[in-house]
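Morning, everyone. I have one structure to walk through today. Please bring it up on your screens.

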Number of protein chains: 2
Amino acid sequence: MDTQEGACLPKLSRVAVCGGTHGNELSGVYLIKELMKRRREADDEEQPILVLSNPRAAQQCLRYIEVDLNRCFSHDALNAPLSDSAPYEVIRSREINAVLGPKGSADSVDFICDLHNTTANMGLCFISCSDSDWISFRKSRNTGCPLKSVLCHIGPTFLSFSASVSVFRFARWCFVTFPRCVFTAMEVGPQPHGVVRSNVYTTMKTALELVLHWIRLFNCGTVFEGGPVDVFTLVKHVDYPRDCSTHDIVAAIHPLLQDKDFCLLNPGDPVFQTFSGETITYNGSESLYPFFINECAYYEKGIAFSLSRKSRVNVPSLRANRDQSR
Amino acid sequence: MDTQEGACLPKLSRVAVCGGTHGNELSGVYLIKELMKRRREADDEEQPILVLSNPRAAQQCLRYIEVDLNRCFSHDALNAPLSDSAPYEVIRSREINAVLGPKGSADSVDFICDLHNTTANMGLCFISCSDSDWISFRKSRNTGCPLKSVLCHIGPTFLSFSASVSVFRFARWCFVTFPRCVFTAMEVGPQPHGVVRSNVYTTMKTALELVLHWIRLFNCGTVFEGGPVDVFTLVKHVDYPRDCSTHDIVAAIHPLLQDKDFCLLNPGDPVFQTFSGETITYNGSESLYPFFINECAYYEKGIAFSLSRKSRVNVPSLRANRDQSR
């Protein structure tokens, strides 16, 4: 129920945290294992639900064993007949859907935080995913939402007080925008895949604690004041220059663009440097904000970086509905 | 023939450059491909010999397909009977040995530069390898060499004039120390595996050009003056703290050690931070220099970082023997 003054939304009764959806993104893998260990030792409460999403890939330190698990959660994929030769991740997606879903049903969890790492210098980000993303349980209820894929950059300074406010405000924005599908992919970088860096691990751990704290406050009836949130909306992807016959890349991200995620890219700015040393410039007509610059896993997807538009969204004040959980 | 004043050594007639020995170390992969492309286009001279060492692993962007190619070049491995089920890399090592060797024979090449990347913040390094390393063609002639494994750190400033002198001086030291086995593994980082970063690629390209230039000058009779070289000699490896039952790591490199390769580590300094937040300090009794800190590929080898002693070696002046090529 929305009002002029703010939004009144259902409580988040069932919350899940997933790590290791990509088995070589190690901050998420080790954080979920640490949380599981703590729960075993402390005989802790049962919330949030903890899921090591792709244990086989984590064991082998691979993104995935056969197919990308993070592309296995469409309704079609989840409901297709299961053959004997189904890839491991297709089987695993059904198992996860049985625990956290079924997707689109009233029994699914209210909130999922999925932990990811990137080789890009993106700091701490929360990503609201496209229709095809797996954790959009209940997406069928999201009609009318004008945002197909949105990304909010919190930045490396989030650990300061003002930035922890940003985390809260973003969670609020996310909740208001997707009132029946509160999900966030938490993306933290830069960290090489197959490596865990203490600073990145600690950023992820602290941000997750903030999100879970926010949910507890919300469920207890705290009223959150409204305010602005900067949002980056995906416009398009840009591939590497490639050799026509071999499809090999023939250039790397230009040194002046490398690590400049969320810094404005203007027409004519350098974007690539070929392996023979020439500079290739951005030939778009609009200044945009690049992100996922030089993400390791996107070479195979044909993405050198993505471009976004920045906008400022005013989030209304928010409190939980006292009468119902959903 | 060595003299009081300096060393007079055989010319380096046959030189090889190898990239992609580890298929996900992309600066080396793309540099060797670029050199091969240039040669095709320019109908260039036949030296140096160019080898894409592990093309299948490079194609799949993996360190290796079945076994680490860089551990397949011992005399035993090269000479054992070849079964039908031999791993791809074992077969590939024989092919490379046929082109650049046979290892230990008079027909082998005089100099090999093998291009590598690391996720560690090691800048540009040249590594003289242990007996087990594959590019020690002619190692049987290296009796009497007191150094089993040696590493020389050139540092990130090598592109300045003084640092290019360092490259030259190190090549000279390497040549004097191993007169019949001139080999270097060029290690450049930090770069995530599966990613190419322009600055790392350019460092590798420029360093390789300097090494090849040095060889041309040496072969033409240039006399190189002697001088000091800082050398880091491996003392030991240090593994991550691990869970006794699962063997999982339970800590990451401490933020105060991360990226501090070749900076002195003193007893009591922080080295790890556990996933629950505790600090673990260095309990050795001797101050040593860490390197390969948080190298991705060494998690499976049980190495969190390696420790070395630093020494200053005086390299004698050097010139090529005018009468023979070897």
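**The interface, then the annotated site**

Let's start where the chains meet. Chain A puts 29 residues into the contact, and chain B puts in 29 residues. Keep in mind that this is a predicted model.

How much area do chain A and chain B bury between them? About 2,500 Å². Of that, 53% is on carbon and sulfur atoms. On the chain A side, look for Tyr30(A), Ser198(A) and Phe275(A). Those residues lose the most area to chain B, and together they make up 23% of what that side buries.

Now the polar part. How many salt bridges does the rule find across the interface of chain A and chain B? Four. As for polar contacts, 13 residue pairs are counted between chain A and chain B, with both residues at pLDDT 80 or more.

Which elements of chain A give two or more residues to the side that touches chain B? They are helix 1 (26-42), helix 6 (198-219) and strand 9 (251-253). By class, that side of chain A has 13 nonpolar residues, 10 polar ones and six charged ones.

Next, the annotated site. An unreviewed UniProt entry lists His22(A), Glu25(A) and His116(A) under "binding site". These residues spread over 95 residues of sequence, yet they cluster in space. The largest C-alpha distance is 7.4 Å.

Take His22(A). You'll find His22(A) in the loop between strand 2 (15-19) and helix 1 of chain A. Is His22(A) buried or exposed? Its relative accessibility is 3%, so it counts as buried. Setting aside residues up to four places away in sequence, His22(A) touches several others, among them Val29(A), Leu62(A), Asp68(A) and His116(A). Arg63(A) is also on that contact list, and the side chains of His22(A) and Arg63(A) are joined by a polar contact of 3.3 Å.

Over to His116(A). This residue is in strand 4 of chain A, residues 111-117. With a relative accessible area of 3%, under the 20% cut-off, His116(A) is therefore buried. What does His116(A) touch, again leaving out residues up to four places away? Its contacts include Thr21(A), His22(A), Asn70(A), Glu187(A) and Met204(A). Glu25(A) is another of its contacts. There, side chain meets side chain in a polar contact of 3.1 Å between His116(A) and Glu25(A).

That's my tour. Over to you.

How values were computed. Residues numbered from 1 in each chain as written. Chains lettered and ligands numbered in written order. Predicted model: local features only at pLDDT ≥ 70, side-chain atom pairs only at ≥ 80, totals over all residues. Heavy atoms only, no water. Contact = heavy atoms within 4.5 Å. Buried area = accessible area lost by both parts, 1.4 Å probe. Salt bridge = Lys/Arg side-chain N within 4 Å of Asp/Glu carboxyl O. Polar contact = N/O pair within 3.5 Å; in protein donor to acceptor, adjacent residues only side chain to side chain. Helix = DSSP H or I, 4+ residues; strand = E, 2+ residues; numbered from the N terminus. Nonpolar A, V, L, I, M, F, W, Y, C, P; charged D, E, K, R; others polar. UniProt positions renumbered as here; feature names shortened; annotations may be inferred. Buried < 20%, exposed > 50% of the residue type's maximum accessible area, 1.4 Å probe, protein only.
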